[in-house]
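Please read them with the model open.

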Amino acid sequence: MIEQPPGLSRRLRAFSVHLLTATGAGLALMALFAAAEGRWGAMFGWLGVALLVDAIDGPIARTMRVKEILPHWSGDTLDLVVDFTTYVFVPAYAIAASGFIVPSLAAPLGIAIVMSGALYFVDLRMKTDDNHFRGFPTLWNAAAFYLFLLKPSPWIATAFMGLLVIATFLPFHALHPVRVQRWRMFNLAIVIFGCVLAALAVWLDFDVPPPVPAILCLIGLYVLFGDAVIRLVRWLRQV
């Protein structure tokens, strides 16, 4: 029996998911407009909405079987294009223009961020077999957020951002809170809690009590290095 091609209504519903994903590019442009005007809170707000879209479009696409209904449209490629603008390009501009970076190094650092991010996005080894990210997963929106939250001195900020560029190519495993199965519910809970605190910090223009930055830093360290700590503890137990 020959399977009938999907009807127009199903194709339109499937294409609406691609439209949802593509709104991330529009949100990135709005964030860039805000950043160019120095409205950093608004920039993080637009990037936050883009992050929400990125969190929901994949599950919706899989539920609606978009890849099967529209095989000539690559949702994976669209997702990478949008992610590069929201996770790398706009945050790179914000970091370089923030005033927290050594002025003479701001433009070179921004260039290093977008170049390393572009290379990371085409690295077929960016995900490990257990769905961790390999190296720093170009979360430059988060890096920019911590820059505005902690307000370090220019040399410390520049050095730390430079280390993150290098860490893009290092072989440690960073957490993917949705796809990593180990402690999945705990990981989701802690990341969601971090997002709530981050939204609060943006809403209050980063004027938050000291426990908030401390908790957010612990969450960030867990996302980046939690797997390395777990592996080290297991190794020490076996020695």
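1. Cys 195 is partly exposed, because its relative accessible area is 39% (buried means under 20%, exposed over 50% and partly exposed in between, with a 1.4 Å probe and protein chains only). The model is predicted, so local features need pLDDT of at least 70 and side-chain atom pairs count only at pLDDT 80 or more, while totals for chains, interfaces and linings use all residues. Residues are numbered from 1 along each chain as its sequence is written, and side-chain values use heavy atoms, with hydrogens and water left out.

2. How many disulfides does the count come to? The count is zero, where a disulfide is a pair of cysteine sulfur atoms within 2.5 Å. Cys 195 is in no disulfide, and its nearest cysteine sulfur, that of Cys 217, is 15 Å away. Cys 217 is likewise in no disulfide, with the sulfur of Cys 195 as the nearest, at 15 Å. Cys 217 has a relative accessible area of 26%, so it is partly exposed.

3. Next, the aromatic residues. There are 13 aromatic pairs in the structure. Rings of Phe, Tyr and Trp (its six-membered ring) pair if their centres lie within 6.5 Å; planes under 30 degrees apart count as stacked, over 60 as edge-to-face and the rest as tilted. Phe 136 and Trp 140 have ring centres 5.1 Å apart and planes at 80 degrees, so this pair is edge-to-face. Phe 136 is buried, at 4% relative accessibility, and Trp 140 is buried too, at 0%.

4. Phe 186 and Tyr 222 also form an edge-to-face pair, with 5.8 Å from centre to centre and 85 degrees between the planes. Phe 186 belongs to helix α8 (residues 184-203) and Tyr 222 to helix α9 (residues 211-238), so the pair ties together parts that are 36 residues apart in sequence. Helices (H or I, at least four residues) and strands (E, at least two) are DSSP runs, numbered from the N terminus.

5. One aromatic cluster is formed by Trp 40, Phe 44, Phe 100, Phe 145, Tyr 146, Phe 148 and Phe 206.

6. Helix α7 (residues 154-167) has 14 residues and reaches 20 Å from its first C-alpha to its last, close to the expected 20 Å; the expected span is 1.5 Å times one less than the number of residues. Its buried residues are Ala 157, Thr 158, Met 161, Leu 164, Val 165 and Ala 167. Their cover includes α4 (75-97), α5 (103-121) and α6 (140-150).

7. Thr 168 lies in the loop between α7 and β2 (173-174). Thr 168 counts as buried because its relative accessible area is 3%. Its side chain reaches the backbone oxygen of Leu 164 at 3.1 Å. Leaving out residues up to four places away in sequence, Thr 168 touches Ser 116, Tyr 120, Arg 134, Gly 135, Phe 136 and Thr 138 (contact means heavy atoms within 4.5 Å).

8. Val 114 lies in helix α5. What does Val 114 touch, not counting residues up to four places away in sequence? The residues are Phe 84, Val 88, Phe 89 and Ala 92. Val 114 and Phe 84 are 30 residues apart in sequence, and their C-alpha atoms are 8.6 Å apart in space.

How values were computed:
Polar contact = N/O pair within 3.5 Å; in protein donor to acceptor, adjacent residues only side chain to side chain.
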